[in-house]
Amino acid sequence: MNRVRDITQINRRQALAFSLIRFRSVAGGAREISSIFWSMGIGLATGMGYLVYALIFSVFVAIVLLALTKYRFGAKTKVAERSLRISIPEDIDYANLFDELLQEYGHEVLLEQVKTTNMGSLMELRYYIKLKNIAEEKELIDAIRTINGNLPVISGRVLSTHAEL
């Protein structure tokens, strides 16, 4: 009967520990959360007197985390997605004007919008582009400025318009 009472008390302590973690801290990334559960597992095993299991568990989790870190598991590759807004005089034919240049600097290029500005004297072209090399962004802007007569060129991050719950 004492064994059942001990297990019930341990389960209550575990539930209390999980609720404290859940409600008292801000949820972080996967690495932070796994570290919290790792330390909780070691603490629970140590508190119950299973030192050998705590050591084995600790070594196993450490090896797994080091391997995942070394091989960059789940790491996002940095893709430079940009929204390019290019102003050109209204008398220039914009169709295919920047296509060759943008294909040279980007993997994926899409003309999203054409708009008149400045009382119709300028056209604004809005492109979506995935750059091949983020370090060449200034070179791309300089090349565009030579074609559009040094009118404004704006490069910015792509804004997500997805509705979130």
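Visitor: Leaving aside neighbours within four places in sequence, which residues is Glu124 in contact with?
Guide: They are Arg85, Ile86, Ser87, Gln113, Val114, Lys115 and Thr117; contact means heavy atoms within 4.5 Å. This is a predicted model, in which local features need pLDDT of at least 70, side-chain atom pairs count only at pLDDT 80 or more, and totals for chains, interfaces and linings use all residues. Residues are numbered from 1 along each chain as its sequence is written, and side-chain values use heavy atoms, with hydrogens and water left out.

Visitor: Why does Glu124 count as buried?
Guide: Buried means under 20% relative accessible area, exposed over 50%, and partly exposed in between (1.4 Å probe, protein chains only). Glu124 has 11% relative accessibility, so it counts as buried. Glu124 lies in strand S3, residues 122-131; strands are DSSP runs of E with at least two residues, helices are runs of H or I with at least four, and both are numbered from the N terminus.

Visitor: Why does Asn96 count as exposed?
Guide: The relative accessibility of Asn96 is 61%, so it counts as exposed. Asn96 sits in the loop between strand S1 (80-89) and helix H4 (99-105).

Visitor: What is the phi of Asn96?
Guide: Asn96 has a positive phi of about 65 degrees, although it is not a glycine. Asn150 also has a positive phi of about 65 degrees and is not a glycine; Asn150 is in the loop between helix H5 (137-147) and strand S4 (153-157).

Visitor: How many helices and strands does the protein have?
Guide: There are five helices and four strands.
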